Amino acid sequence: MTTSIEATQTALRIGPYPVDPPVVLAPMAGITNVAFRTLCREFGSATSIYVCEMITARAVVERNEKTLHMMAFGPDESPRSMQLYGVDPKTLGEAVRIVVGEGWADHIDLNLGCPVPKVTRLGGGAALPYKRQLFRDIMKAMVSAAEPAGVPVTVKFRIGIDDEHHTYLDTGRIAAEEGAKAVALHARTAAQRYSGEADWTAIARLKEAVTGIPVLGNGDIFSADDAVRMMAETGCDGVVVGRGCLGRPWLFAELEAALRGEPLPAPPNLGKVGEILYRHASLLVDHDGEEKGMRDLRKHMAWYLMGFPVGGDLRRSFATVGSLAQLQDLIGRLDPTAPFPKDAEGPRGRQGSPGKVALPHGWLDDPEDPTVPCAADVMHSGG
């Protein structure tokens, strides 16, 4: 099993970029900013790929100041990977032209995975692949804008809208035909959102259907062993890791070791987690200033402290921390010898429950209708 994984690993390239080991940090809105990506890269391989949080194409075209700040990359990041969201071929094509022309990114991914109702209700995110011709038009526009500069375009999508409307095989084929350099499948439907289990057999079927470009798998990778199993069971060319690394950026060190057939590093005790937490805070403050940086850090606290013996009062103090000095004091009150808890290795992050997917009126009537959905250029999280 190890040999086949290593052979796959050395072969994975996305455009001109070798991905070694074949691991991608999934774009997550409000999470994968330059601070978190830097932290993950410090544990993982510099030649894996770490994708920026999702950027709305219209905001790029309008050169929105907040969006430009979100698009920041570290001085050593290579390739600089950016995920774009949009529904209009013209807007996405223009956004890619701007990104490429300004030299802002080296790799562009298209978000077709967001299952959030306010996005799918307007035909965006995970709803969009159902419209095959519209998706094809989007791919043509993005690839034609990116190709002259040698910038690879990739696509991340879901199995489909729900169990009655699977789209992933068509999405993968169209992406490959129109010049995508890789595809990634989150092996859930939009109706599942983040609930239940990912269906890894769909990744295997996509790998069989799409043979000319790499196929990456995403969904329920919460440990290094999960990544090894996914590659062995599905034959996929690499793994995309999202919620599994929340509050656990050292997962990238474990993934690197496992995919290279090396012993896994020991998980950190609570003292080491405190050091990592402070490093994360410092990176956020460098990027956003102390007030915004510390506010942003609060969402990570429950993930970092998950399963550790930390009292309720102290947890509440971490969840409302307002300065680096206060954080340092709180970390000093932790038991540094507490070992990493076994029950912290499982699922983390949002799970929620499945539900009916909100769609525009008549959306399912004609999958070949290329009409651009009205007013769907909204900003929301990736999927």
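The model holds an open sheet of 9 strands, ordered 4-3-13-12-11-8-7-6-5, with parallel pairing. Strands here are DSSP runs of E, at least two residues long, and helices are runs of H or I, at least four residues long, both numbered from the N terminus. Two strands pair if DSSP finds at least two bridges between them. Strand 4 (49-50) and strand 5 (55-56) stand at the edges with a single partner strand each, so one side of each has no neighbour in the sheet.

This is a predicted model, where local features need pLDDT of at least 70 and side-chain atom pairs count only at pLDDT 80 or more, while totals for chains, interfaces and linings use all residues. Residues are numbered from 1 along each chain as its sequence is written, and side-chain values use heavy atoms, with hydrogens and water left out.

Strand 5 pairs with strand 6 (residues 81-85) in the parallel sense, over 2 bridges. Ile-55 has Leu-84 of strand 6 as its bridge partner.

Now move inward. Strand 11 and strand 12 run parallel and are joined by 4 bridges. Here Val-183 has Val-215 of strand 12 as its bridge partner. Which way do the residues of strand 12 point? Val-215 and Gly-217 point one way, Leu-216 and Asn-218 the other, and all are buried. Buried means under 20% relative accessible area, with a 1.4 Å probe and protein chains only.

Helix 8 (residues 168-177) lies across strand 7 (107-112), strand 8 (153-158) and strand 11 (182-186), and runs at about 175 degrees to strand 8. Helix 9 (residues 200-209) lies across strand 8, strand 11 and strand 12 (215-218), at about 170 degrees to strand 12. Axes are lines fitted to C-alpha atoms, for helices over the stretch in contact (heavy atoms within 4.5 Å). Angles run from 0 to 180 degrees between N-to-C directions.

Helix 10 (residues 224-234) has buried residues too, including Ala-227, Val-228, Met-230 and Met-231. Gly-235 follows helix 10, and its phi is positive, near 75 degrees.

Last, look at a helix pair. Helix 15 (residues 312-319) and helix 16 (residues 324-332) pack at about 160 degrees, with axes 10 Å apart. The two are therefore roughly antiparallel, a label for angles over 145 degrees. Leu-314, Ser-317 and Phe-318 of helix 15 meet Gln-326, Leu-327, Leu-330 and Ile-331 of helix 16.

How values were computed. Angles under 35 degrees count as roughly parallel, over 145 as roughly antiparallel, 65 to 115 as roughly perpendicular and the rest as oblique. Buried means under 20% relative accessible area, exposed over 50%, partly exposed in between (1.4 Å probe, protein chains only).
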